[in-house]
Amino acid sequence: MAFKKWIAESFPVDQEAFIKLTAEPIPNHLKRWWWGLGGTPMYMFFVQVITGIMLVFYYVPEADKAYQSISYITNEADFGWFIRSIHRWSSNIMIAALILHMMRVFFTQTYRRPREMNWMFGVVLFLLTLMFGFTGYSLIFEQMSYWAMKVGTGIASATPFIGEWMGDFIRGGSEIGQSTLTRFYLFHIVLLPMITALAIGVHVYLIRAHGVSELKFKGDENEEKKSFPLFPDHVYTELIMVTVIMVILVTLALLFPAQLGEEANPNKTPLHIKPEWYFYPVFRWLKVTNLTVGILGPIFFIFILFLWPFIDRFFEKRLPGKEVSFWIGVIGMLTITFFFLLEIIGH
Amino acid sequence: MDRRDALKSLFAFIPLGAAFAGITAMGVGFISPNKREVERRIFTIHLDELEINATRRFKDLRGRDLMIVRTGENEVKALSTVCTHLGCTVSWQDDKQQFYCPCHQGIFDKDGKVLSGPPPRPLDNYKVELDGKNVFIYFKDTEG
Amino acid sequence: MATSLNTKRTIIGILSIVFLVVLLFALWKETVRQIPGYKPDPIVDAGTKHCIGCHSEKGNGKVIVEDWSNSKHAEVGVGCLECHAAEESDIDSYMHEGDRIATIVTPKDCAKCHEKEADEFMKSYHADAGMIMGSLDNVLAEVVEGHAAFDGGKNPAAANGCWQCHGSRVQLLKDEAGNPVHNDDGILQFDPKTWPNTGVGRINLDGSNGSCSACHNRHKFSSAQVRQPENCGKCHMGPDHPQIEIYEESKHGINFHAHKGEMNLESESWIVGEDYSAAPTCATCHMSATPDQPITHDVGDRISWTLRPKVSEKIDVSQLKKFKKQGKEPPADFLKWDERRDNMKNVCWQCHTKQFTGNFYKQFDSEVEMYNEKYGKPALSLINVIKKNKMLTAVPFDEKLEWEYFLLWHHEGRRARHGASMMAPDYTQWHGNFELAERFYVSIVPEVKELIKEAKHNGNTTGAAEVQAELDKILNSELHMWYLGKMSPEETKRRKAAAKAFRERYSNN
């Protein structure tokens, strides 16, 4: 027991405080599976970090070697195709889960006071995840990667006022080249993970600090206990979620492994440039409007999204009981879906 | 928790643990470097150029130091001249019909067997193939 | 709706097992992973790495290294020095960045690993192709068409024409003192008219004959490339031996092009009837393996006739004559013509019946024999009598008859025979027999009559009489008597009736 004593002395931990912090009871509505949509992206962030670190073992961030290194991973390294496919699918599902999570929070109005700041951190997390997707896809340096970089940085450059500086900063110059790849690599494996990890930490802390909103659903009124224990109940729930996600990821990796297109060729623009699916609405919007409106539109949208708790409060005060937020949300979803579908079926 | 409960927990969590162990093993396999081995058949000499019991030294045959001995009518041995002690190059002493390593005075006979000194094992043999009268040696190269 | 702890635990258990199962699938997929067409980087040893260090960075070497990297040689570790390394005793060797190398790789070098193929090739007619010095064709190129001594001996017609298929005699470039010339990078220079050259019968500086890269294009050395008929067509084409055109006309060629995708050209083993069956290529019949025969690089092993000369003979007769002239004994494995025909029949029998094959050979033989009897031998005997009686000048190709005769046997005579050999009816007929007849009756016979007249005029009555006698003998023979209106009355009547019936059916006039 001298050993235990030594541990307690050199690494003091307040056991009671620890238990209190982690074993806090979970409100009953979290038994509903719909509420797992917050933990899902967080778990997938961990999956991305781990698979991402593995991929860094072989990826070479040099313009004339990047594609070849991905080819090595996909075709030669043991289980390379598998790890890469999980990384790819996990990124897609993470964004899908995030969108569903945002929808859940939006339509249950759990962004309301005092949770406005947490909502804003959430929007930031969403944007960070989109940037993860964009930078990661470019690192492959196949044709689609290169031209996505070209279009993406072109859009950035066209932003009013700060456009030129922003474009040059992202590109590492006025042209896409090695410095662009280095920057994208830096963003993808260092800056974005760091900022995202911090933002996740703040987001989770705020959730715990505020306590999860207690909501009542039909059929719950007769329940005595308003909460249930973290361990083992909620842990089991989380484990189920984790296992389901793993099964889905592995199955998708098996059935639809990540492919490798043609190597990037700055002299040959492919006939159909398309970004990843989560950029379709914006992409379509840019096609139907002129450049300025095309850029200001999404900026405006993000602005609204970011400040939504306050806009919602404004409507609540002016038009109480009219459920304005709900309808704005519905219209917003329909519009985005419309543009999304347009991009899929259009050309 | 009673015994039944404990058993149920085991049935639930052992597969989960195994699955995660499995995927971890796959990950470790992934990040472990792949060694590729290629066996190459290198032409050395035509038998007509080598009398029985004669030797021919190759100082840098595709990066290797070796010696071949025609031990019979249709028998050739190929010995590596890298000392099995610490890797110095042994020299052939024709008068004594032995290999001598100057680094720590290891001595091998003409078959590569250790006669004296610190070398722990005989000189390495290369696989030899006779294709008609052409003597081929098999080299193993690894990359990765 | 709360899920009880128990239920949750059961769900975890079930899901974990599902997880394990899909993971096992992933493991299985990994073990059977085969990526077709993906070739890992070749493993190179220090020697080749040294060469690639410079040659993959600058100049034409980049393409050569790229080609080689995708080849079978690279896969098995045969790099630059394995082929290009040379001994000091090689007169075409030179030092280059620390290695002694030779530019040209000859069959002797390839024989280090491909001994059987090189031996078979070097004893074949292909390797002999460079021995055309002194042939009539050679005279044509160096004297009649071109000028061997042109611009200091550049021999343009031969260097650009004949030698590019037949092979040059490789020579080093020498300065006035007779020493070999090196350029600024130390590279040994060749006499430009002799190199570049991948003629199949090239005479090399190391004493060997032939060039493997005549067919096996470097540096890919691809089996698929060499199995394709286009490969042979580089040389085996044209008015005097249109083998590739004949193949394209034939059903074999049509099938090849229609079903090229099923030819399994990249396969390691390429046995007709086992690895592919859609069509034969040149290689299939003349060289490649059947279930009963190995590959042979001696293209004469399955040939029964030689269709090249003025009068065709069986190939063993022709070869034995050659050995006798050279004072050599035929090798122990020398095949007789019928043995070679059996070898060829073995290929045919992979797809065709014995009756089919046997009857084909009867058709083919009859064409060759008819050519011999109607045109080959008669024309040759005419020329011989004319020459004997000095009715032609000593200079070849300065008189009309010499050209006409050359074209008769060298062009249309070969076309007719080759056409029949590979089932190309149009070549046999309109490019072959028809033009043979035209040449013979429209050009040669009148020209001979002219020469007779001229001889009489010059007082060479013996000559005139002998030639006239020979001409009469030929024209009165069964094959030619129609020309003199001497067709038998029964046959004439029969033909007239058939022609009348034909006209009544088809034409308006």
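1. **Ground rules.** Residues are numbered from 1 along each chain as its sequence is written, and chains are lettered from A, with ligands numbered from 1, in the order in which they are written. Because the model is predicted, local features need pLDDT of at least 70 and side-chain atom pairs count only at pLDDT 80 or more, while totals for chains, interfaces and linings use all residues; side-chain values use heavy atoms, leaving out hydrogens and water.

2. **The nonpolar patch.** Do have a look at A:Phe3, A:Trp6, A:Ile7, A:Phe11, A:Val13, A:Phe18 and A:Ile19, which make a nonpolar surface patch of about 810 Å². Two elements of chain A, α1 (2–10) and α2 (15–22), each give two or more residues to this patch. The most comes from α1(A), with three residues. (Helices here are DSSP runs of H or I with at least four residues, numbered from the N terminus.)

3. **A:Phe3.** This residue sits in helix α1 of chain A. A:Phe3 counts as exposed because its relative accessible area is 60%, the cut-off for exposed being over 50% with a 1.4 Å probe and protein chains only.

4. **Chain A against chain C.** Here 26 residues of chain A are in contact with 24 residues of chain C, contact meaning heavy atoms within 4.5 Å. The area buried between the two is about 2,300 Å², with 70% of it from carbon and sulfur atoms; buried area is the accessible area (1.4 Å probe) lost on putting two parts together, summed over both. On the side of chain A that touches chain C, the elements giving two or more residues are α4 (66–75), α5 (80–107) and α10 (230–255). Of these, α10(A) gives the most, with 13 residues.

5. **Chain C against chain B.** In this interface, 26 residues of chain C are in contact with 26 residues of chain B. Chains C and B bury about 2,200 Å² between them, 62% of it on carbon and sulfur atoms. The side of chain C that touches chain B receives two or more residues from each of α1 (5–31), α4 (72–76) and α5 (80–84) of chain C. There, α1(C) gives the most, with 11 residues.

Methods:
Patches are made of residues with over 30% relative accessible area and no salt bridge: like charges are joined within 9 Å, nonpolar side chains (Val, Leu, Ile, Met, Phe, Trp, Tyr) within 5 Å. Accessible areas come from the Shrake-Rupley method with a 1.4 Å probe; for residues, only the protein chains shown count as cover. A salt bridge is a side-chain nitrogen of Lys or Arg within 4 Å of a carboxyl oxygen of Asp or Glu. Buried means under 20% relative accessible area, exposed over 50%, partly exposed in between (1.4 Å probe, protein chains only).
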